[in-house]
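Try each task before reading its solution.

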Amino acid sequence: MTELDSRPAASSAALAGTVAVLVSLALAVAVVDPILVLTGFVGGLCIAAGVWALRSDTHDRIAGGSVAVVIGAGVFCGTALLATEYWSLVVALGFPLAATLVVIDASSGLVPPTDATDELTAMLDESFVVLVVGICATIVCAVAAAVRLPWVLVRVVAGFSVQPLVGFVTLQAGVLLTLLLLDRVTETLESWIPAPTATTDRTLGRLDLLGTSWWDVDRYVKAAVGLQLLVAFVPTAQGLFDRFLDSLPVLGSALRVVLSGPLHLPLVAGLLTLLSILVVERLRQWLLQWLGDNPGRLLARQAGSIVVPVVLLLGALVLTAAGVTRRVAPTYAGGGHYGSATVLLLGVLISVVALRGLITLLTELVGAELLSRRVAGFAAGSGLLFVMTLLGAEHGLAPILVLVGSAAALLVWDAGAHASSIGHQLGRDAETTDSEFVHVTGTAAVLAGAILLVMLVRYVLIPIAVPTTSAGLSLSSVVALGLVLLAIAAFTLALNAHDGGPRTSSDRSGTRNEQPATDGD
């Protein structure tokens, strides 16, 4: 935030958010299952709270906001999974999303200035990469669980055996490869220990003596190992080597056993250790490049996309290792509960991508000057609330609730726009309670009068004028719509006719003490 907190004025913004949440909740509950609706609202409010926390300067609040946004996205995904039909899905997501957009704009602003870094956008972009990595990890774990990889590895190690000639040649190749890797590993370990002690100096010196570069190895040695690798898999050569071992009464049997696998296991373990050190070094360099100049802030933004996959992986590991057969969540293709974790992470990823797309759309509308940046969330939320109200009317929503929803959408828009204007001109904490109260009260009075007028025409005048028409809904709907539009037009003209900016409490007291100027003549 800058010195002047130009977010919407607190009182009117809080009123707009409260009205949006309560009216959206009431209309949604009147149409579909309350459990489904409440789930969607919990997810939306989690996202709103997370966005508010992201727009701060402390890393712990940013981390909490990141976790809240990812959890909210997951709850939104759960709402979609709970819906049994398309219409229920639209209502369960549409009304909460409308309220969420209004609450975000009221608390922290949905679209930040072009010259400011948007923590929400950065968090969503970076979360996409981390969630994809988490999904890949869960898929690998699911495949490993499906094929029972630990038992497979145990059986492979227990039954590992190779033909003696192949074992003899691969041992030479493995030793040569180990020596070549030691050069790289020694450099890596030296970079990890900036101030080595005498003991580490001696250890690194011994590794230098063992290791050697590719070009230092005699070309005859490399040619001999390469030629042996070509010959070792030829059946004729293998038969000749077996006959050679059979010609040695005692030593041949011992060599056959040793070359068939026991020496390969420690060699493979050493090679895997060296390769792991090199892989960790590559990951370390990538992490340093990815974290940039402010790793604490970036990790705080990624807390949600890191914590959620880790928790799901650990939960799936515990359930799978414990042999839990009760369907805590659906399992797929023998992959244990890792399959369920993969599905949940995919849902969270889809929700994150959808939220990022919505932010991009609103930003593009602001950039094209089709929407004001300061009221983007209020406009989108109130517009979505109005559209969802009309859709509810098509699916049996009571007429009085349709009128209330339409009026609430207008009230949310007007209160949000007024709060944004005050915040832009005087700051969020300006003492403008009186001005806000008068404005919002006037708007609410006009809308309440419009609702009463429409209800009077619909239920009193039309039945009197057309008493015998049993299906007079068409005429009444047209007349009611015309009256609503007339009320909206009158309200708009009244807003446009109102001049002067918001007045603070000090302005009111100063005006009260002023004496009217008189003409001296």
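The protein chain of this predicted model has 20 helices and 0 strands. Of its 521 residues, 39% are buried. The chain exposes about 28,700 Å², with carbon and sulfur atoms supplying 69% of that area.

**Exercise 1. Classify the ring pair Phe168 and Phe241, and say where each ring sits in the chain.**

Solution. A pair of aromatic rings is described by the distance of the centres and the angle of the planes.
- Step 1: the structure holds 2 aromatic pairs. In the pair of Phe168 and Phe241, the ring centres are 6.1 Å apart and the planes meet at 20°, so this pair is stacked. The cut-offs behind this step are centres within 6.5 Å and planes under 30 degrees apart.
- Step 2: Phe168 belongs to helix α7 (residues 164-192) and Phe241 to helix α10 (residues 235-246).

**Exercise 2. Are Phe168 and Phe241 buried, exposed or partly exposed?**

Solution. Buried means under 20% relative accessible area, and exposed means over 50%.
- Step 1: Phe168 has 35% relative accessibility, so Phe168 counts as partly exposed.
- Step 2: Phe241 has 15%, and therefore counts as buried.

**Exercise 3. Which residue has its charged end over the ring of Trp52?**

Solution. Look at Arg61: its charged end sits over the Trp52 ring, 4.4 Å from the ring centre.

**Exercise 4. Which residues make the nonpolar surface patch, and which helix gives the most to it?**

Solution. 
- Step 1: Phe128, Val129, Val132, Val133 and Val353 make a nonpolar patch of about 380 Å².
- Step 2: helix α5 (residues 119-146) gives the most, with 4 residues.
- Step 3: take Val132, which is placed in helix α5. Its relative accessibility is 31%, so Val132 counts as partly exposed.

**Exercise 5. What share of the contacts with a separation of 6 or more joins residues 24 or more positions apart?**

Solution. In the protein chain, that share is 79%.

Technical notes. Residues numbered from 1 in each chain as written. Predicted model: local features only at pLDDT ≥ 70, side-chain atom pairs only at ≥ 80, totals over all residues. Heavy atoms only, no water. Phe/Tyr/Trp six-rings, centres within 6.5 Å; stacked < 30°, edge-to-face > 60°. Helix = DSSP H or I, 4+ residues; strand = E, 2+ residues; numbered from the N terminus. Buried < 20%, exposed > 50% of the residue type's maximum accessible area, 1.4 Å probe, protein only. Lys NZ or Arg CZ within 6 Å of the ring centre and 35° of its normal. Patch = residues over 30% accessible without salt bridge, like charges linked within 9 Å, V, L, I, M, F, W, Y side chains within 5 Å. Areas by Shrake-Rupley, 256 points an atom, 1.4 Å probe, with all protein chains shown as cover. Salt bridge = Lys/Arg side-chain N within 4 Å of Asp/Glu carboxyl O. Contact = heavy atoms within 4.5 Å.
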